[in-house]
Amino acid sequence: MSDEPMEQANRFAIVVTALVLIFVALLVVLLAWGAAASSITRIEDFAGWLRRHNNGETKTVITLGATVVVLLMLSVVILEVTPSPTQRLRVRNVKSGTATITTREIAQRINEEIEQQVAHVAACDAIVATNGKRVEVVLELHVEPGADLAHTANVACGRAHALVEERMGIELAAPPRARLHYRELRLRGESVPPGWERPAAGAEETRDERGQSDTPEEAQAEADRASGA
């Protein structure tokens with residue numbers, strides 16, 4: 001049995017068609033043998049009702065009702081057929097029994113491995129998706145400033161590959177891929193040079209030729225004394 005999506009859809013359509021034909025055949029047999037006279041009378045009543053209401057309004061109402069039923073049934077079928085985001089995979093090379101693990105658990109184990117073993121990775125958010133009996137791994141890596149992006153990505157992908165295939169026994173459909181998220185640090189405030197202090201608001205200083213600083217009032221008094229002398 002192939003795991004290709006197109007072949008799975010074809011098999012599903014064939015199964016649905018077969019079930020519908022079986023239902024119609026059983027319904028005909030039931031009407032023929034169960035209550036022949038009553039069934040014929042009901043069919044004639046239904047045909048007469050359709051004959052009496054052979055107009056656009058009735059056909060529109062019937063069409064809308066059938067559309068609602070079909071949409072509801074299609075929603076149910078889609079919900080049932082859509083695979084769960086958390087799927088179980090069989091671990092290879094288990095000789096004495098069987099072992100399975102979920103994709104969610106694989107992703108958690110990859111996150112722990114990379115965050116603990118790969119330098120300059122602040123956080124890892126692994127995405128594990130099934131592809132038949134194999135898995136695909138995408139790494140969302142949040143790296144620290146100053147990291148060598150290429151080296152960090154190579155090491156993280158190598159760790160994920162070794163963990164999944166060699167240590168966990170799960171076959172990879174493709175080599176792991178990494179998406180890097182890199183942000184520079186932003187300074188919240190300006191650094192103040194050591195030994196420098198910002199002058200108080202409204203305070204003004206005048207510095208004379210001797211290198212002494214006076215307030216404006218003191219400078220004016222000094223000038224008055226010099227002129228009186």
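Ile101 sits in strand S2, residues 100-102; helices (H or I, at least four residues) and strands (E, at least two) are DSSP runs, numbered from the N terminus. What we have on screen is a predicted model, where local features need pLDDT of at least 70, side-chain atom pairs count only at pLDDT 80 or more, and totals for chains, interfaces and linings use all residues. Residues are numbered from 1 along each chain as its sequence is written, and side-chain values use heavy atoms, with hydrogens and water left out.

Back to Ile101. Its relative accessible area is 15%, so Ile101 is buried; buried means under 20% relative accessible area, exposed over 50%, and partly exposed in between, with a 1.4 Å probe and protein chains only. Arg90 is eleven residues away from Ile101 along the chain, and their C-alpha atoms are 6.6 Å apart.

Now the sheet. Three strands form an open sheet in the order S3-S4-S5, and the pairing is mixed; two strands pair if DSSP finds at least two bridges between them. Strand S3 (121-131) and strand S5 (177-182) are the edges, each pairing on one side only. On average, neighbouring strands of this sheet are turned by 15° against each other, direction ignored.

Take the pairs in turn. S3 and S4 are antiparallel, with ten bridges, and Ala129 has Glu136 in S4 as its bridge partner. Two residues lie between the strands in this hairpin, and Gly132 there has a positive phi near 75°. S4, residues 134-143, pairs with S5 in the parallel sense over six bridges. Here Glu140 has Arg179 of S5 as its bridge partner. How much of S4 is buried? Seven of its ten residues are, so S4 is largely enclosed by the rest of the structure.

Next, the helices. H4 lies across S3 and S4 and runs at about 150° to S3. Axes here are lines fitted to C-alpha atoms, for helices over the stretch in contact, and angles run from 0 to 180 degrees between N-to-C directions. Contact means heavy atoms within 4.5 Å.

H4 and H5 also pack on each other, at an angle of about 135° and with axes 10 Å apart. That makes H4 oblique to H5: angles under 35 degrees count as roughly parallel, over 145 as roughly antiparallel, 65 to 115 as roughly perpendicular and the rest as oblique. From H4, the residues in the contact include Ile106, Ile110 and Ile114, and from H5 they include Ala156, Ala160 and Leu163.

Asn111 belongs to helix H4, residues 103-117. Is Asn111 buried or exposed? At 14% relative accessibility, Asn111 counts as buried. Leaving aside residues up to four places away in sequence, Asn111 touches Cys124, Asp125 and Ala126. A polar atom of the Asn111 side chain is 2.8 Å from the backbone nitrogen of Ala126.

Key:
A polar contact is a pair of N or O atoms within 3.5 Å; within protein, one must be able to donate a hydrogen and the other to accept it, and residues adjacent in sequence count only if both atoms are side-chain atoms.
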